[in-house]
Amino acid sequence: MKRILLTVNNGYAMFGTTLYVGVLWALHFFWYPGWRKFKVDNYYDQFIPQTTAATKFFTVVVPLMYLALTVMGISERKTRQRWLPLAGIATLTGATAVGQGLIIPINKILAQGITDQDQLDGYFQRWMRYNDIRGVLMTLMWGILMYFFMAKDEPAKPPAGEQP
């Protein structure tokens, strides 16, 4: 039963990471590559409800990812993979810090309504740059977790002198 629970836990860490990185890649390549077309009279309806919904969604997903990575770290503390959950926590913390410290404040300003186009363009330029940073961090985390699962799948090596 413990193995099943750890598998579900570790799977959730990968699931949450895949969701997070997928949203960031989609944001960059599909949803807002044309952010420069946003105008003060049209950005609100095309941006604020979506970012508000994403913030609410990831406010639930991310803490559970931290929990899953912590459980993963505890379960791997005596293995050679022990550093991987720690690296996952570090990258998730970096992405969270960028989100909470840099992106959410911009979201709040944009939600109040911007009437100056130059100001709007500046906010969106920073918003995209900060999300690109999160995208790099979460892609790195996805790679770390992929390596974790590949390393776990690696067959154990027999002791020296024994045949496989």
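Colleague: What should I know about the source before reading anything?

Modeller: This is a predicted model, in which local features need pLDDT of at least 70, side-chain atom pairs count only at pLDDT 80 or more, and totals for chains, interfaces and linings use all residues. Residues are numbered from 1 along each chain as its sequence is written, and side-chain values use heavy atoms, with hydrogens and water left out.

Colleague: How many residues does α2 have, and what should the helix span?

Modeller: Helices are DSSP runs of H or I with at least four residues, and strands are runs of E with at least two, numbered from the N terminus. The expected span of a helix is 1.5 Å times one less than its number of residues. Helix α2 (residues 43-75) has 33 residues and should therefore span 48 Å; the end C-alpha atoms are 46 Å apart, which agrees. For α1, with 30 residues, the first and last C-alpha are 41 Å apart, close to the expected 44 Å.

Colleague: Where does α2 bend?

Modeller: A bend at a residue is the angle between axes fitted to the seven residues ending there and the seven starting there. In α2 the bend is about 30°, at Phe58.

Colleague: Which residues of α2 are buried?

Modeller: Buried means under 20% relative accessible area, exposed over 50%, and partly exposed in between, with a 1.4 Å probe and protein chains only. An α-helix has 3.6 residues a turn, so residues three or four places apart point the same way. The buried residues of α2 include Phe58, Val61, Val62, Met65, Ala68, Leu69 and Met72. Their cover includes α1 (2-31), α3 (83-112) and α4 (117-153). In α1, the buried set includes Asn10, Ala13, Gly16, Thr17 and Tyr20, and the cover there includes α2, α3 and α4.

Colleague: At what angle do α1 and α2 pack?

Modeller: Axes are lines fitted to C-alpha atoms, for helices over the stretch in contact, and angles run from 0 to 180 degrees between N-to-C directions. Under 35 degrees counts as roughly parallel, over 145 as roughly antiparallel, 65 to 115 as roughly perpendicular, and the rest as oblique. The α1 and α2 axes are 9 Å apart at an angle of about 140°, so these two helices are oblique to each other.

Colleague: How do α2 and α3 cross?

Modeller: Their axes come within 11 Å and cross at roughly 155°, which makes α2 roughly antiparallel to α3.

Colleague: Is Asn10 buried or exposed?

Modeller: Asn10, in helix α1, counts as buried because its relative accessibility is 7%. Beyond its neighbours within four places in sequence, Asn10 is in contact with Met72, Phe148 and Phe149. Gln81 sits in the loop between α2 and α3 and is also buried, at 6% relative accessibility.

Key. Contact means heavy atoms within 4.5 Å.
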